[in-house]
Amino acid sequence: MTNTRLTDPEVLEFRYPVLLERFRIRAGSGGAGRWRGGDGVERVIVFRKDMRASLLTNRRRVCPFGLDGGAPGACGENFLRRRDGTMERLPSCITVDVKAGEAI
């Protein structure tokens with residue numbers, strides 16, 4: 001599944017052993033000014049089985065730029081939430097083994 005093809009939650013959960021816990025607008029992340037970019041999204045995917053997940057993300061080091069005086073938007077972030085609740089920051093590109101009950 002990729003961001004370029006915004007898969008419906010029902011399809012994602014039907015095809016993969018995951019649960020889409022949260023998918024919402026990341027309010028205020030679009031930067032300030034008249035010509036700012038749109039707000040990003042926050043998505044939390046919980047794994048129902050032990051799996052290997054790969055992330056290929058961008059805008060983690062270089063934030064989305066604004067136009068004609070608009071401020072840059074917020075850079076994206078990737079985290080792995082372990083079963084004990086601890087959060088591990090993940091790089092923009094990684095393959096990671098996850099356990100059932102953990103989330104990205």
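**Close-up views of a predicted model**

**View 1. Asn-78 and its side-chain partners.** The side chain of Asn-78 makes a polar contact with the side chain of Thr-57 at 3.0 Å; a polar contact is a pair of N or O atoms within 3.5 Å, where within protein one must be able to donate a hydrogen and the other to accept it, and residues adjacent in sequence count only if both atoms are side-chain atoms. A further polar contact, of 2.9 Å, links the side chains of Asn-78 and Arg-60. This is a predicted model, in which local features need pLDDT of at least 70 and side-chain atom pairs count only at pLDDT 80 or more, while totals for chains, interfaces and linings use all residues. Residues are numbered from 1 along each chain as its sequence is written, and side-chain values use heavy atoms, with hydrogens and water left out. Asn-78 belongs to strand β4 (residues 78–81); strands (E, at least two residues) and helices (H or I, at least four) are DSSP runs, numbered from the N terminus. Asn-78 counts as buried because its relative accessibility is 8% (buried means under 20% relative accessible area, exposed over 50%, partly exposed in between; 1.4 Å probe, protein chains only).

**View 2. Arg-22 in strand β1 (residues 18–26).** The side chains of Arg-22 and Glu-42 form a polar contact of 2.9 Å. With 29% relative accessibility, Arg-22 counts as partly exposed. Between Arg-22 and Val-46, 24 residues apart in sequence, the C-alpha to C-alpha distance is 9.4 Å.

**View 3. Leu-6 in the segment before α1 (9–15).** Leu-6 counts as exposed, since its relative accessibility is 54%.
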